[in-house]
Amino acid sequence: MSMIESPCILVCSIDANTGYCFGCGRTIDEIGAWTMMTPERRREISTKLPARLETMERKPRRETRRARMTRGRLEQENDR
């Protein structure tokens, strides 16, 4: 089984105005169907994502779990 590339950056929050994810730019339907799409369809959507992200007013990003864990590890290392 091969890995499916995904534009997800683990900032999963949908913009109420556009319907696009603040992190990757996909719609909720695209996110849900991503693994079942053909590679061609995923590439087609992926080419549209940068323009979609530009259309949204960025809200402050909340700290992701990954960033929080990394920060915690760095703080622990600095305390040593």
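How many residues apart are Arg71 and Glu75 in helix 3? In helix 3 (residues 65-79), Arg71 and Glu75 are four residues apart and are thus separated by about one helical turn. Helices are DSSP runs (H or I, at least four residues), numbered from the N terminus. The structure is a predicted model, in which local features need pLDDT of at least 70 and side-chain atom pairs count only at pLDDT 80 or more, whereas totals for chains, interfaces and linings use all residues. Residues are numbered from 1 along each chain as its sequence is written, and side-chain values use heavy atoms, with hydrogens and water left out.

The side chains of Arg71 and Glu75 form a salt bridge, with an N to O distance of 3.3 Å. A salt bridge is defined as a side-chain nitrogen of Lys or Arg within 4 Å of a carboxyl oxygen of Asp or Glu. Arg71 is partly exposed, at 36% relative accessible area, and Glu75 is likewise partly exposed, at 41%. In these terms, buried means under 20% relative accessible area, exposed means over 50%, and partly exposed lies in between (1.4 Å probe, protein chains only).

Five salt bridges are found in the whole structure. One of them joins the side chains of Arg52 and Glu30, at 2.6 Å from N to O. Because Arg52 lies in helix 2 and Glu30 in helix 1, this pair ties together parts that are 22 residues apart in sequence. Arg52 is buried, with a relative accessible area of 11%, and Glu30 is also buried, at 10%. Another salt bridge is formed by Arg43 and Glu40, whose closest N and O atoms are 3.6 Å apart. These two residues, Arg43 and Glu40, are three residues apart in helix 2 and are separated by about one helical turn.

Arg26 is placed in the segment before helix 1 (28-33). Arg26 is buried but has no salt bridge, and its nearest side chain of opposite charge, Glu30, is 6.1 Å away. For charge, Lys and Arg count as positive and Asp and Glu as negative, while His and the chain ends are not counted. When neighbours within four places in sequence are left aside, the residues in contact with Arg26 (heavy atoms within 4.5 Å) include Cys8, Ile14, Cys21, Ile31, Trp34 and Arg52.

Ile31 lies in helix 1 and is partly exposed, with a relative accessible area of 31%. Together with Ile14 and Ile28, Ile31 makes a nonpolar surface patch of about 240 Å². Patches are made of residues with over 30% relative accessible area and no salt bridge; like charges are joined within 9 Å, and nonpolar side chains (Val, Leu, Ile, Met, Phe, Trp, Tyr) within 5 Å. Accessible areas come from the Shrake-Rupley method with a 1.4 Å probe, and for residues only the protein chains shown count as cover.

The cysteines were examined next. A disulfide is a covalent bond between the sulfur atoms of two cysteines. With a disulfide taken as a pair of cysteine sulfur atoms within 2.5 Å, the count is zero. The closest cysteine sulfur to that of Cys12 belongs to Cys8, at 4.2 Å, which is too far for a bond. Cys24 is in no disulfide either, as the nearest cysteine sulfur, that of Cys21, is 3.9 Å away. Cys12 is exposed, at 52% relative accessibility, whereas Cys24 is buried, at 5%.
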